[in-house]
Amino acid sequence: MQRRVELLGAGLVTDELAAIHELAPTWPACELLPPEKLAGQERLASLAIRAAHQAWTMSHSGDLSGEQIGLICVSAWGAVDATVGYLQSMLDAGGKFASPRLFSRSVYSSVAAAAAIWFGIKGPCETLAFPPAAAVSGALTAAWRLLATERCARVLVVWAEQSAAISHDLARRAATDLHKREYERYRESLGEGAVAVAVGRTGGLRSVECSVSPPTGSWQGKPFAMDPAAAWLAGLVDNG
């Protein structure tokens, strides 16, 4: 069975680009969310919501009820700063106490929870962790399953990563455990940013194959912090 979803909207925030329309100026209009409106959010959640807001407004997802919309959040490392802060607070207290605020924000699903609350999403909500090269196909396949089983009419898919010194070390350590052929793909940690797409069953800007092998590298000579997700999204723009 061919697994395809309809791309209804997209959003992008990277080190180099602040909005999807810097890639696709002819795509339908979307609204940008000023970072200051998210001052109370953890850094990773802020990035995810900013990208998702572009996809949300472009796809007019606000016209649907919260129960009709699902959410899938993907991150290789999660909210790194909150996790490190939580562990440090426990170490500082001799293992007896820890910061409850940092603990709640270090939980892997905290970004999905923040986004679901922000957008009023009440449908299925999932948090996935994939190595970078598998994130696009894994997230789209998960969205396809939700749509194919009619658990929701639309799915908002968000991939977000936060740049932190420890994540660079984690990426290098993880790479040493891989076969030599795979090492080069994983030894460099991701940059900071977020990519989001709103997908449905019909009526999209284009039909997208779920089991894709996203490209790596750059788009029009510009490197991407969110490689390969941003490169995959740029590939959609480049191919029509």
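This is a predicted model: local features need pLDDT of at least 70, side-chain atom pairs count only at pLDDT 80 or more; totals for chains, interfaces and linings use all residues.
The protein chain contains eight helices and eight strands, and of its 240 residues 53% are buried. When contacts between residues at least 6 apart in sequence are considered, 77% of them join residues at least 24 apart. The accessible surface of the chain amounts to about 11500 Å², with 53% of that area belonging to carbon and sulfur atoms.

Six strands form an open sheet with mixed pairing, and their order across the sheet is β3-β2-β4-β5-β1-β6. Strands β3 (125-128) and β6 stand at the edges with a single partner strand each, so one side of each has no neighbour in the sheet. On average, and with direction ignored, neighbouring strands of this sheet are turned by 30° against each other. Within the sheet, strand β2 (residues 69-74) runs parallel to strand β4 (residues 154-161), and six bridges join the two; V74 stands opposite W159 in β4.

Helix α1 (residues 43-58) packs on the sheet, where it touches β1, β2, β4 and β5 (193-200), and its direction makes about 130° with that of β1. Helix α4 (residues 110-119) lies across β2, β3 and β4, and runs at about 150° to β2.

Side chains of opposite charge can pair when their charged atoms come close. In this model the count comes to one salt bridge, formed by E209 and R4, whose closest N and O atoms are 3.3 Å apart. Because E209 lies in strand β6 (residues 206-209) and R4 in strand β1 (residues 4-14), the pair ties together parts that are 205 residues apart in sequence. R4 is partly exposed, its relative accessible area being 34%.

Key
Residues are numbered from 1 along each chain as its sequence is written. Side-chain values use heavy atoms; hydrogens and water are left out. Helices (H or I, at least four residues) and strands (E, at least two) are DSSP runs, numbered from the N terminus. Buried means under 20% relative accessible area, exposed over 50%, partly exposed in between (1.4 Å probe, protein chains only). Contact means heavy atoms within 4.5 Å. Accessible areas come from the Shrake-Rupley method with a 1.4 Å probe; for residues, only the protein chains shown count as cover. A salt bridge is a side-chain nitrogen of Lys or Arg within 4 Å of a carboxyl oxygen of Asp or Glu. Two strands pair if DSSP finds at least two bridges between them. Axes are lines fitted to C-alpha atoms, for helices over the stretch in contact, and angles run from 0 to 180 degrees between N-to-C directions.
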